[in-house]
Amino acid sequence: MARWVLHVDLDQFIAAVEVLRHPELRGRPVVVGGDGDPTKRGVVSTASYEAREHGVHSGLPLRTAAKRLPDAVFLPVDRAAYEEVSETVMEVLRSAGAVVEVLGWDEAFVGVDTEDPEAFGRSLARQVKEATQLDCTVGIGENKLQAKIATGFGKPAGVFRLTFANWFEVLGSRPTEALWGIGAKTAGKLAGLGIGTVSDLAAADPDALAAVFGPMTGPWLVLLARGRGDAEVDDSPYVARGHGREETFQRNIAGWSQVEAEVARIAGLLALDLASEPRPALRIVVKVRYAPFITETHGVTLATPSSDPAVIARAAAEALSRFTGRRPVRLLGVRAQFERGARLEGARLDRTLHADLAEGRVGGQRLPLGGDRETAALVQQAGAGVGLGHLPVGHRRRAH
Ligand SMILES: [Mg+2]
């Protein structure tokens with residue numbers, strides 16, 4: 001029997017959960033974000049297809065969304081409700097006799113041995129629908145990259161298979177941004193080198209790209225364009241890479257001393273959270289969003305990993321001191337990054353950050369696929385032979 005990787009992704013998950021609870025909203029533009037009041041500050045967590053048609057998407061300020069779409073229904077974020085539905089979905093997937101790697105609230109990789117992945121995928125979707133009344137799309141691939149991208153072509157509520165056999169037929173003439181792991185920034189840089197499409201990138205010289213993007217990333221990009229990727233579905237428990245606190249202020253903070261005071265306060269809240277976290281913080285990152293909507297971050301690596309509130313407060317203050325802008329501030333955040341766990345980190349999405357990011361489009365600005373092991377392995381294949389020392393040899397399983 002053949003080994004397949006399936007990517008199961010709920011269709012417009014949060015909006016769909018809300019419509020289930022409020023059936024009268026079906027077919028209307030629904031925007032979920034903040035506390036549901038579009039006159040207040042906050043960002044859109046998710047928007048229904050009807051809202052997206054009017055240019056309302058996740059990450060947009062709520063007030064802008066209200067301007068674009070004054071008739072939309074605005075709802076508060078109800079994390080607990082989404083978590084509960086998410087748990088049900090993951091239980092359904094786990095009960096299907098396959099390996100399940102949770103990728104976010106509404107998506108997971110499923111590793112399965114079967115002769116008919118379409119039938120298996122359709123059966124999964126049916127069971128998810130029976131348990132939750134929600135639709136999902138299933139992408140089928142020979143590795144995670146292919147499965148993940150396949151989902152974009154199957155939406156909504158479909159099944160799509162993307163393998164080495166149809167990779168270039170489906171993706172070859174598409175922009176490099178169609179690849180999971182390539183965002184606008186990298187795509188722009190590639191375009192500057194005359195590399196516009198997936199086919200262009202697949203044919204590019206790994207060494208030339210290494211010179212531009214670095215010895216790990218350059219060759220990795222080429223292999224990405226050739227459809228290579230990690231095929232190992234890992235069901236070890238999800239481990240968040242970090243934990244953060246952030247606050248949007250209803251009125252801009254104008255004085256920098258007040259910004260400092262607020263960062264100290266938020267760092268204190270973070271330290272309280274960390275008291276129940278077994279891993280010490282490695283690095284503290286401060287995020288400042290200046291008005292109207294310009295976000296910057298600066299981080300400080302701790303001399304030794306720590307959960308000590310005083311150490312965290314000092315590091316947050318030091319990180320803040322690296323900001324040179326003195327414009328009014330609308331949001332502040334402090335985040336702790338933990339020591340590496342057993343899981344690969346490169347491909348992880350923090351649950352707290354996950355807000356339907358790639359819904360409804362192919363690829364998008366997801367985090368790179370694969371972690372160190374995968375990147376290193378790819379580099380090895382490309383012959384660049386760097387950074388292989390940390391490869392946990394023998395723990396790696398690749399399909400291609
Ligand atoms: Mg989804």
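Biologist: What share of the contacts in the protein chain with a separation of 6 or more comes from residues 24 or more positions apart?

Modeller: Two residues are in contact if their C-beta atoms, placed from the backbone, lie within 7 Å. Here, residues 24 or more positions apart account for 64% of the contacts with a separation of 6 or more. Keep in mind that this is a predicted model, where local features need pLDDT of at least 70, side-chain atom pairs count only at pLDDT 80 or more, and totals for chains, interfaces and linings use all residues. Residues are numbered from 1 along each chain as its sequence is written.

Biologist: What pLDDT does the protein chain average, and where does pLDDT stay under 50?

Modeller: pLDDT is the predictor's confidence in each residue, from 0 to 100. The protein chain averages 83, and 84% of the residues score at least 70. Over residues 341-400, though, the score stays under 50, and the model has 128 contacts beyond four places in sequence for that stretch. Where pLDDT is low, the predicted coordinates should not be read in detail.

Biologist: How many helices and strands are there, and what percentage of the residues count as buried?

Modeller: Helices (H or I, at least four residues) and strands (E, at least two) are DSSP runs numbered from the N terminus. The protein chain has 14 helices and 12 strands. A residue is buried if 20 or more other C-beta atoms lie within 10 Å of its own, exposed if 12 or fewer, and partly exposed in between, with C-beta atoms placed from the backbone. Of the 400 residues, 45% count as buried.

Biologist: Which residues of E12 are the bridge partners of Gly 244 and Val 286?

Modeller: Gly 244 has Arg 335 as its partner, while Val 286 has Val 334. Eight bridges join E9 (residues 242-253) to E12 in the antiparallel sense, and E10 and E12 pair, also antiparallel, over nine bridges. E12 is mostly covered, with nine of its 10 residues buried.

Biologist: I clicked on Thr 248 in E9. Which residues does Thr 248 touch beyond four places in sequence?

Modeller: Arg 41, Gly 42, Arg 330 and Leu 331. Thr 248 and Arg 41 are 207 residues apart along the chain, yet their C-alpha atoms are separated by 6.8 Å. Thr 248 is partly exposed, because 16 other C-beta atoms lie within 10 Å.

Biologist: Now a helix. Which residues of H13 are buried?

Modeller: An α-helix has 3.6 residues a turn, so residues three or four places apart point the same way. In H13 the buried ones are Ile 312, Ala 313, Ala 315, Ala 316, Ala 319 and Leu 320. Seen down the axis of H13, they fall within an arc of 165° (the arc of the directions from the helix axis to the C-beta atoms), so they line one face of the helix. The face turned away carries the exposed Ala 310 and Ser 321. The buried residues pack against helix H12 (256-274) and strands E10 (281-290), E11 (294-306) and E12 (329-338).

Biologist: What span should the 16 residues of H5 have, and which residues are exposed on its other side?

Modeller: The expected span is 1.5 Å times one less than the number of residues. For H5 (residues 117-132) that gives 22 Å, and its end C-alpha atoms are 22 Å apart, which agrees. The buried residues of H5, among them Phe 120, Leu 124 and Val 128, fall within an arc of 135°, so they line one face of the helix. On the other side, Ala 119, Arg 126 and Glu 130 are exposed. Just after H5, Gln 133 takes a positive phi of about 70°.

Terms used. Pairing = 2+ DSSP bridges.
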